[in-house]
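Below are my notes for our discussion of this model. Please read them alongside the coordinates.

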Amino acid sequence: MSTYVPTHAPALGATGPAAPSATSAVQGSVPTRSRMDRLRHVVLFELFALATTIPAGSALFGLHESAMGVIGIGSAITAMVWNYLYNLAFDRAMVRLYRTTHKTMRVRMVHTVVFEAGLQLVLVPGIALYTHASMLGTLPLSLSLALFYLVYAFVFNMAYDRVFPLPHKG
């Protein structure tokens, strides 16, 4: 198995060539994100999102901040688990299909939309149960969160890829 040599300083938590990630055996010499990098990604993603959605959701939908906090934190925990699993599967599929994990603008858009659609399948019923409202009644809140996250995920992931780029194959 060939290894890669980073062209920049390793990111926090990166395993590097000496300790390849668990997925590297499957993906050969195609660099992918380490488990620690994926963990950093989801934690930063959710922290920035919660700092925005709790006060905004409370103001826009007339929910007490504690209720919006429960919705936000419950959604964040669900999204973190889904994010990890979805991105791991998406990268593996990209390696199998295209031999790269580089995401073009079009692929990034598809990635984001499919991620959010899958997440909404779980969140809408959960929010409805928590707020004691119908699923139709929670639709404006859910769709607003989905719209926010569609734009936010796209921008955040583009920024994350620039701040913490994958190492290049040497």
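What share of the contacts in the protein with a separation of 6 or more is accounted for by residues 24 or more positions apart?

1. The share is 71% of the contacts with a separation of 6 or more, a contact being heavy atoms within 4.5 Å. This is a predicted model, in which local features need pLDDT of at least 70 and side-chain atom pairs count only at pLDDT 80 or more, whereas totals for chains, interfaces and linings use all residues. Residues are numbered from 1 along each chain as its sequence is written, and side-chain values use heavy atoms, with hydrogens and water left out.

2. The protein has 5 helices and 0 strands, where helices (H or I, at least four residues) and strands (E, at least two) are DSSP runs numbered from the N terminus.

3. Helix 3 (residues 65-98) packs against helix 4 (residues 105-131) at an angle of about 145°, with the axes 9 Å apart; axes are lines fitted to C-alpha atoms over the stretch in contact, and angles run from 0 to 180 degrees between N-to-C directions. Among the residues that meet are Trp82, Tyr86 and Phe90 in helix 3 and Phe115, Leu119 and Tyr130 in helix 4.

4. Of the 170 residues, 39% count as buried, that is, under 20% relative accessible area with a 1.4 Å probe and protein chains only, exposed being over 50% and partly exposed in between. Leu39, which lies in helix 2 (residues 35-61), counts as partly exposed because its relative accessibility is 41%.
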